[in-house]
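These are my notebook entries on a single protein chain. I set down what I looked up, entry by entry.

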Amino acid sequence: MSNIPETGRTPRVKVRMVVIQVLVFSLLLTLGGRLWYLQIRNGQEYTQEADKNHVQQVVQPAVRGSVVDDRGVPLADNETRLVVSASRTELLKQPDDGKAVLTRLAGVLGMKPADAVDKVRLCDAKTPRPCWNGSPYQPIPITDKATTQQALQIMEQREDFPGITAEPTAVRSYPGPVGVNAAQVLGYLGPVTDKEVAASEKTDNPLLRSDNVGRAGLESEYDQQLRGKSGVTRYEVDNLGRVIGKAGATPAQPGSNLVTSIDSRVQAITEKELAAAMKGLRQQYDPVSHKNFKADSGAAVVMDVHTGRVIAMASNPTYNPNVWTGGISSAEYNNLTNKKSNYPLLNRATQGESAPGSTFKVISTSAAINAGYNPNGGYPCTSSMTVGGRVFKNFEGENYGDINIAKALEVSCDTVFYDLAYDQWKKDGGINAKHPKDWFFKTAHAFGLGKKTGIDLPNEVSGRVPDRQWKQSYWDANKAVWCKDGKKSGSYVQQIEFENCKDGYQVRPGDSLNYAIGQGDTLLTPIQEAVMYSAIANGGTMYQPSIGKAVISADGKKVTPIKPKVSGHLPDTRKTISYINKALEGVVTSGTAAWQFGGWPQDKIALHAKTGTAEVAGKQSTGWLATYTKDYAVIMTISQGGTGSGAAGPAVRKIYESMYGIGADGKINPKAGILPKPVSALPKIQSDGSIEAPSLKPYKMPQKKDPVDPNASASPGTSTAPTASQPPAGTGDAGGGTSQVAGAELPALVRRD
């Protein structure tokens, strides 16, 4: 008799069946749970994601707002051009990654094939410019200068140019009215990066991958207002990518317009005169270096003294801002960023630091008076002064006898300021000062130096006031190098390093002397000097400098003024400011600048000035000229251009003459002046929101002979320009002097970092 059950199944088989049933049930339960999660719990989210797979977005870029001058003349605008673009995604589908297509395209456009290929490669830390810094899925512009014939050839032969498009597109342009450049003021645009897109997602105006954003100047500072919001049209497509309907659209919102305080006519004159001055200096012989002046860079600022608004700002060397439009070539990019071209992207007015030379003496005057020194006392203006075994000379060895501080400003006597600074240094305790008053350092800070002015331009630098705190931190950072390289009997630099190794953290007597005349480690920018001298002109109020004047919506209905902001007040009484004013007027009538301003209508338009010549170790001197009237301050500086009055005097005079309408005979014709008074009103806004712009004609300067230095002479083989960079003997404007170490004559402790 068998023991097998009637079912024919053993107990082991039964167990296996149960296990299988449990597994099947578990799998069904898991699948059901997953389906519930996908279809019910997160069903809406996945439905939306699925819909996106069948929705394609087409972006309509917003029209970027214009940047206009104080009268409504466009400085940065938009124009329609034929833009040839390449789809990187389509090119990568080609066997050779699209190189053959780009080579054919370059032939049509008259480009080098390598330039076309470079434009579609993606930027990273190792890839040199040019490259594409935007989204890899966005059409990449190859050129915005295509002709109609080129565009037709490309579009009619689509089989030869897969992934290439040619269509009219609004692009940024910088029209340059009356020859205006203003590249460093206006800036330029560049494609947005993925990082910037991600950072903007939570803002009220998120960036799209197709956007261009401001990369420098006003384009960067006011990018949010100028950019507007791009429009997006969403199309429904099938699995084959064919459009089957429209899913919705968000219209583009044009950007607002920016009205600036820049006057295009004054800007053009300022740029022209700065460039002409530098060109002329390169034809002149420098009797100090025995070479022609290099005049390698310069800057000029014209400011409304009552508001701090910038009327003109020039920087040289410069460049054409239109080179960035539609993508920049490798040759153009290299030219803008290499040492040989002296970095034209740099705005020397806000980013160029240098020792101010004798233009700093107004601060030393303020410090001395506030410290209790009698401004009308007699101070010896000797040819030199010896401190600590070192000789500090007056420029050209002038000796005026005992004079007051005003006269010392007028003739720029170094030794008077040496004496004042040295005496105060001793009162403060000398090397071992414990509770110093530090009038000279504190006054510089009170004048707004050592910090940014806050101008509405990016990447401004702060300059430097080499006070005790800075000396200590600088010594801490450099003492190891100084102690390693310094030599007691080595070169001039090695001797300085040897001295600094031991006690470079201390404010030594030589530091105080050099500081008092704007030498040593003191650094200023032209915009800082413009603020400083404007404050002296208006009675003591310092304004935060500005270029933006108002933001106006595209329809003209919303006007947001940008009002002047007070940033501080000079640490002087009205009596002291009046005293300084009178002294600076004397600079023009009988002092260091008088030889350049003969015949000036001083009784009608009182002009004030301070000249400065900063000595720089290993280089030719940097010339400064700071001037102002009741309306304007004009500051100009030229690196390696010699004395301030000689380098900048004629150029500054012509700027004033063009603004006020001063003729060759010295008579004033306000109707002939391009800006006899600062413009306070905004330009007229039309009913459609556009800004009315007047017609412009190039301004013609009155013909006039420039003063010539009777003592200037050219070395053999050099030419002499109409004006000499060195003033006649006895009218020195230098802020330097020389020193004596171990019997060898050396430049004073001057350094430019």
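**Entry 1. Conventions.** I call a residue buried under 20% relative accessible area, exposed over 50%, and partly exposed in between (1.4 Å probe, protein chains only). The model is a predicted one, so I note that local features need pLDDT of at least 70, that side-chain atom pairs count only at pLDDT 80 or more, and that totals for chains, interfaces and linings use all residues. Residues are numbered from 1 along each chain as its sequence is written, and side-chain values use heavy atoms, with hydrogens and water left out.

**Entry 2. The chain as a whole.** I looked up the secondary structure and found 23 helices and 27 strands. These elements are DSSP runs numbered from the N terminus, helices being H or I with at least four residues and strands E with at least two. The chain has 753 residues, of which 50% count as buried. I then took contacts (heavy atoms within 4.5 Å). Of those between residues at least 6 apart in sequence, 71% join residues at least 24 apart. Accessible areas come from the Shrake-Rupley method with a 1.4 Å probe; for residues, only the protein chains shown count as cover.

**Entry 3. Surface patches.** I searched for patches, made of residues with over 30% relative accessible area and no salt bridge, joining like charges within 9 Å and nonpolar side chains (Val, Leu, Ile, Met, Phe, Trp, Tyr) within 5 Å. A nonpolar patch consists of Met-17, Ile-20, Val-24 and Leu-28, with about 360 Å² of accessible area together. I located Leu-28 in helix α1 (residues 11-41); Leu-28 is exposed at a relative accessible area of 56%.

For charges, Lys and Arg count as positive and Asp and Glu as negative, while His and the chain ends are not counted. The place of a charge is NZ of Lys, CZ of Arg, CG of Asp or CD of Glu. Lys-291, Lys-294, Lys-339 and Lys-619 make up a positive surface patch. Lys-619 sits in the loop between β23 (608-614) and β24 (622-628), and is partly exposed with 43% relative accessibility.

**Entry 4. Salt bridges.** Side chains of opposite charge can pair when their charged atoms come close. I counted a salt bridge where a side-chain nitrogen of Lys or Arg is within 4 Å of a carboxyl oxygen of Asp or Glu. The whole structure holds 22 salt bridges.

I looked at the pair Arg-172 and Glu-219, whose side chains form a salt bridge at 2.8 Å, N to O. Arg-172 belongs to strand β5 (residues 164-173) and Glu-219 to helix α9 (residues 217-221), so this pair ties together parts 47 residues apart in sequence. Both ends are covered: Arg-172 is buried at 7% relative accessibility, and Glu-219 is buried at 1%.

Next I recorded Asp-263 and Arg-265, which meet in a salt bridge at 2.9 Å, N to O. Asp-263 and Arg-265 are both buried.

Lys-471 is buried with a relative accessible area of 6%, and Asp-511 is buried with 18%. I also found that salt bridges with shared partners join Arg-64, Arg-172, Glu-219, Asp-223 and Arg-227 into one network.

**Entry 5. Backbone geometry.** Most residues other than glycine have a negative phi, and most peptide bonds are trans. I noted a cis peptide bond between Asn-316 and Pro-317, with omega about 10°. Pro-317 is in the loop between β14 (310-316) and α12 (330-337).

Which phi does Asp-97 have, positive or negative? Asp-97 has a positive phi of about 60°, although it is not a glycine. Asp-97 lies in the loop between α3 (88-91) and α4 and is partly exposed at 45% relative accessibility. Ala-295, also not a glycine, has a positive phi of about 40°. I placed Ala-295 in the loop between β12 (291-292) and β13 (297-304); Ala-295 is buried, with a relative accessible area of 0%.
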